[in-house]
Amino acid sequence: MTLVHIYKATILGCACAVVAAGAPSVSAQDAVNPRINSTLTGCVSRERVNGHYILTQFDATNKDAAKSAIEAATEAAGVPGFTSGASSTSTSYELKNYDMTAYAGRRVEVTGVLTSPPPNPMAEAGAAIPGASAIPGAVATAGTIGGGTPIRQMSVLQVKPRTGSCP
Amino acid sequence: MLQRDRREFVKALVAGGAGLTLSTRAFGQGGRGPAPLAAPKIADRVSVVSGAGGNIGVIVGRDGVMMIDGGTANRAGDVAKAVNDVNPGMVQVLFNTHYHFDHVGSNERLGMNGVRIVAHENVKKRLGVTFDDPAMGRKMEALLPAGQPTETFADGGRMTFGQDTLEYTHTPLAHTDGDAFIFIPTSNVIHTGDLLWIGRYPVIDYTVGGSLASMAAALDRVDRIGDAGTRIIPGHGGQAGVTKADMRRTREIWLEINKRLEDHAKQGHAIDQVIAAAPTKDFDERIGSGMADAFLRQAYGGILARR
């Protein structure tokens, strides 16, 4: 085998590797592994905001910080229990298609289908939730999916009361 | 000295090749070569590049080429070559039918070269953020700024490309929240994006508002455009173009399945009960049963999300 043959074989080998690295076509339909039901645990707002109760999840590792931020936000807003994204320690979800009245202000576990409205550039100005611009702290970090992202929504299928207090 | 340099060169090539192979395996893609791309011509100036994600429409104009969708990013180079084989003119415009990764994979490559990228405004919003999408069971990754649409629309519009005036129409909350189909009147061709799937069940991105019922309704809108001779490029399958009759048959099946799923939802059934009842059984052979479970989860999720 001459050097020329070695070069050819090697280059051919590399070309094959490059082709393989091109990877098989991956399509959305080939990669689908849907999760229908998601479960969230958190506190339900005491009142509706734009017709829906809000569930807020707190970061368990920083509950105090979350609480103080929530208190500041709700006091300033005058909306008891509404705690949308005042800090990165909480995440909020608009609860739809289920009468949550009996759970207002309480800690619950909700199961349902999560949906994500289109990101709203106005969210950065505090309007992620329609009408929420009047609420200081109700900014894009709520239900975060990246900067300028609106609160996420859940179509609720099941609710279970959970022990624990809510701010 | 020369001999040694050659040896080093060969070693480097071999090492490079091995590295590529290893990294490929590390990503779980070893052992399968990429699917070859096909590019059948379905009208005088319209071809369909397939095999790299969603079907890509290629329109040849006087001064270049327009692409409708761009396949997956890992095949963007192959797509560029296939499009070049159709016509060596420069790509002037890329139209995104929706935001899914198997349709916007050429955005960054073309955007960096100054190509106009046109899409519905929600496509741009979705492509600007990374977010978790339970319906798709994955994170949907944001694109680099260069890959973002440069022109957006809300409802639809017209666009001149070469000798063609193309008409595009947004169908709200169908497969996603930013779908659009596009009609090429001079060729009598419609590219539906993922509003239509032939030969397999559709994907329904209910996280962003998609539903099977709305996809069927969107096909009604497609049906009102063109005439009985219109050739249709689906988002997946049917890459040689299908007829309106094919599209209507698919729509009827979707509506029937949706009705059955609505009945399950009314009875409060969980998805596992729905899957166990096999509501698509009589269609699986015709449509393809490979993805029936995933399809049922998405179709049912779309119903539950809207209740």
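Q: A residue is buried if 20 or more other C-beta atoms, placed from the backbone, lie within 10 Å of its own, exposed if 12 or fewer, and partly exposed in between. With that in hand, what share of the 307 residues of chain B count as buried?
A: This is a predicted model, where local features need pLDDT of at least 70 and side-chain atom pairs count only at pLDDT 80 or more, while totals for chains, interfaces and linings use all residues. Residues are numbered from 1 along each chain as its sequence is written, with chains lettered from A and ligands numbered from 1 in the order in which they are written. For chain A, 44% of the 167 residues are buried. For chain B, the buried share is 50%.

Q: What mean pLDDT does chain B get?
A: pLDDT is the predictor's confidence in each residue, on a scale from 0 to 100. In chain B, 89% of the residues reach 70 or more. Still, the mean for chain B is 89.

Q: And what is the average pLDDT of chain A?
A: Here 44% of the residues score at least 70. Residues 1-26 of chain A stay under 50, with 45 contacts beyond four places in sequence. Residues 123-150 of chain A are also below 50, and this stretch has 83 contacts in the model beyond near neighbours in sequence. The chain A average is 62.

Q: What ipTM does the predictor give the complex?
A: There are two scores for the complex as a whole. The pTM is 0.77. The ipTM is 0.71.

Q: Which pattern does chain A follow along the sequence?
A: Helices (H or I, at least four residues) and strands (E, at least two) are DSSP runs, numbered from the N terminus. By that count chain A has two helices and five strands, while chain B has nine helices and 14 strands. Reading along chain A gives α-β-β-α-β-β-β.

Q: Among contacts in chain B between residues at least 6 apart in sequence, what percentage join residues at least 24 apart?
A: Two residues are in contact if their C-beta atoms, placed from the backbone, lie within 7 Å. In chain A, residues 24 or more positions apart account for 72% of the contacts with a separation of 6 or more. The chain B value is 65%.

Q: How are helix 5 and helix 6 of chain B oriented to each other?
A: Axes are lines fitted to C-alpha atoms, for helices over the stretch in contact, and angles run from 0 to 180 degrees between N-to-C directions. Helix 5 (residues 212-223) of chain B and helix 6 of chain B have axes 9 Å apart and pack at about 155 degrees. Angles under 35 degrees count as roughly parallel, over 145 as roughly antiparallel, 65 to 115 as roughly perpendicular and the rest as oblique. Helix 5 and helix 6 of chain B are therefore roughly antiparallel.

Q: Which hand does the crossing of helix 5 and helix 6 of chain B have?
A: A crossing is left-handed if the near helix is turned anticlockwise from the far one by less than a right angle, and right-handed if clockwise. For comparison, helix 6 of chain B passes helix 9 of chain B in a right-handed crossing. The helix 5 and helix 6 crossing is left-handed.

Q: How many nonpolar residues are in the contact of helix 6 with helix 9 of chain B?
A: The axes of helix 6 (residues 244-266) and helix 9 (residues 292-306) of chain B come within 10 Å and cross at roughly 55 degrees. B:Ile257, B:Asn258, B:Leu261, B:Glu262 and B:Ala265 of helix 6 meet B:Ala299, B:Tyr300, B:Ile303 and B:Leu304 of helix 9. Ala, Val, Leu, Ile, Met, Phe, Trp, Tyr, Cys and Pro count as nonpolar, Asp, Glu, Lys and Arg as charged, and the others, Gly among them, as polar. With one polar and one charged residue, the nonpolar count is seven.
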